[in-house]
Amino acid sequence: MKEPAIPSNEEHRVAKLHELGVLDTPPEQRFDRLTRMAERIFNVPIALVSLIDSDRQWFKSAVGIDIKESPRQLSFCGHAILGEGLFLVPDARLDSRFADNPMVLGEPHVRFYAGCPLKALDGSRLGTLCVIDRKPRHLSEQEQETLRDLAAMVERELVAVELATIDELTGISNRRGFMLLAQHSLNLCLRQQVPVTMVYLDLNQFKPINDQYGHAEGDRVLHDFADLLRRSFRVTDLFARLGGDEFVVLLINASQALAESIIVKLQRVLDEWNDTQEKGYRVSFSHGITEYDLVRHADIGALMESADTQMYRNKSMVER
């Protein structure tokens with residue numbers, strides 16, 4: 001077995017990783033969403049967001065295995081961060097670097113490995129997005145490009161940590177974070193030829209809540225509404241609070257009809273939430289739904305504008 005070499009910028013690389021403050025933190029939906037996408041797209045039993053610390057690989061997100069970390073010297077990902085591009089091992093049993101690796105001889109019985117390095121803003125390679133199979137296989141050029149796209153999305157989530165693109169009040173993406181990720185999500189879906197739908201939401205009569213009950217109560221409503229979005233939509237969907245009382249959700253591999261059915265679910269859970277509050281007001285929302293169309297929508301901004309227009313049209317009918 002060949003242990004992975006140490007990168008020339010190891011001290012700086014590890015320092016950058018620790019500066020992020022991501023190591024040994026709880027699972028987060030924004031990373032789990034991407035490993036689940038990788039698992040489904042590539043039809044593999046294991047998908048990981050692996051970060052390479054000084055003496056271990058630690059999994060920020062893991063599908064298919066229960067452990068949170070493993071020794072760096074045994075890791076395939078330790079080899080993957082040594083290069084710029086994809087690190088591919090079609091059959092580990094035939095590769096002298098890994099044939100007697102305990103992870104090949106025993107659990108999780110690695111045969112195929114494909115890992116794409118994850119970079120910080122300064123280019124430091126912090127870890128990988130990788131997919132693992134228990135049988136030998138190869139990736140086509142298109143599959144390799146898809147893995148790179150998914151890794152770019154993971155990178156943007158790591159960059160989001162550096163650029164503070166998470167809305168502090170609700171814990172979901174803010175406008176900047178959403179725009180960083182949404183266009184890549186759209187490009188990925190177009191390549192895979194799956195539908196994409198945008199949902200734009202705005203709370204009705206939110207200002208009177210702030211005026212009558214105070215801004216702390218208004219903040220609580222926004223926080224709870226974001227939580228209801230998480231409970232109603234799917235783990236693969238991308239959420240954001242754009243500002244004020246406006247929210248947006250990008251649904252991956254979803255038609256307009258599916259989005260409408262989820263809105264029905266959201267309305268039901270919001271009604272249940274309202275019934276338990278006994279605050280003297282009821283929260284409601286207006287929404288617009290637009291399915292991506294190549295002719296009408298040049299990019300994610302055009303798709304968002306279309307859903308926003310539809311939302312305001314619906315909102316004007318409610319407030320008449």
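How many bridges join S8 to strand S9 (residues 246-252), and in which sense do the two run? I begin my notebook with this question, and I come back to it below after some notes on the whole model.

**Entry 1: ground rules**

I note that this is a predicted model, in which local features need pLDDT of at least 70 and side-chain atom pairs count only at pLDDT 80 or more, while totals for chains, interfaces and linings use all residues. Residues are numbered from 1 along each chain as its sequence is written, and side-chain values use heavy atoms, with hydrogens and water left out.

**Entry 2: the whole protein**

I looked up the secondary structure and found ten helices and ten strands, where helices (H or I, at least four residues) and strands (E, at least two) are DSSP runs numbered from the N terminus. The radius of gyration is 22 Å, close to the 20 Å that the globule rule gives for 320 residues, so the protein is as compact as a globular protein of that length. For my own record, this radius is taken over C-alpha atoms, and the globule rule is 2.2 Å times the number of residues to the power 0.38. Along its principal axes, the C-alpha trace spans about 70 × 40 × 35 Å.

I then looked up burial and found that 54% of the 320 residues are buried; buried means under 20% relative accessible area, exposed over 50%, and partly exposed in between (1.4 Å probe, protein chains only). The accessible surface comes to about 14,300 Å², and 50% of that belongs to carbon and sulfur atoms; such areas come from the Shrake-Rupley method with a 1.4 Å probe, and for residues only the protein chains shown count as cover. Among contacts (heavy atoms within 4.5 Å) between residues at least 6 apart in sequence, 67% join residues at least 24 apart.

**Entry 3: strands S8 and S9**

Returning to my opening question, I found that five bridges join S8 to S9 and that the two strands run antiparallel; two strands pair if DSSP finds at least two bridges between them.

Is strand S1 (residues 46-52) mostly covered or mostly open? I found it mostly covered, with seven of its seven residues buried. Ile-46, Leu-48, Ser-50 and Ile-52 point one way from S1, Ala-47, Val-49 and Leu-51 point the other way, and all of them are buried.

I looked up two partners of S1. With strand S6 (residues 125-133), S1 pairs in the antiparallel sense over six bridges, and Ile-46 stands opposite Ile-132 there. With strand S2 (residues 56-63), S1 also runs antiparallel, joined by six bridges, and Ala-47 stands opposite Val-63. A hairpin of three residues leads from S1 to S2.

**Entry 4: helix H1**

In helix H1 (residues 10-20), I listed Glu-10, Arg-13, Val-14, Lys-16, Leu-17 and Leu-20 as buried. Seen down the axis of H1, these buried residues fall within an arc of 155°, so they line one face of the helix; the arc is that of the directions from the helix axis to the C-beta atoms. The buried residues pack against S1, S6 and helix H5 (141-163), whereas the face turned away from them carries the exposed residues Glu-11 and Glu-19. After H1 comes Gly-21, whose phi is positive, near 70°.

**Entry 5: His-18**

His-18 is found in H1, and at 44% relative accessibility it counts as partly exposed. Leaving aside neighbours within four places in sequence, I found His-18 in contact with Leu-23 and Asp-53. The side chain of His-18 makes a polar contact with the side chain of Asp-53 at 2.9 Å; a polar contact is a pair of N or O atoms within 3.5 Å, and within protein one must be able to donate a hydrogen and the other to accept it, while residues adjacent in sequence count only if both atoms are side-chain atoms. His-18 and Asp-53 are 35 residues apart in sequence and 8.4 Å apart in space, C-alpha to C-alpha.
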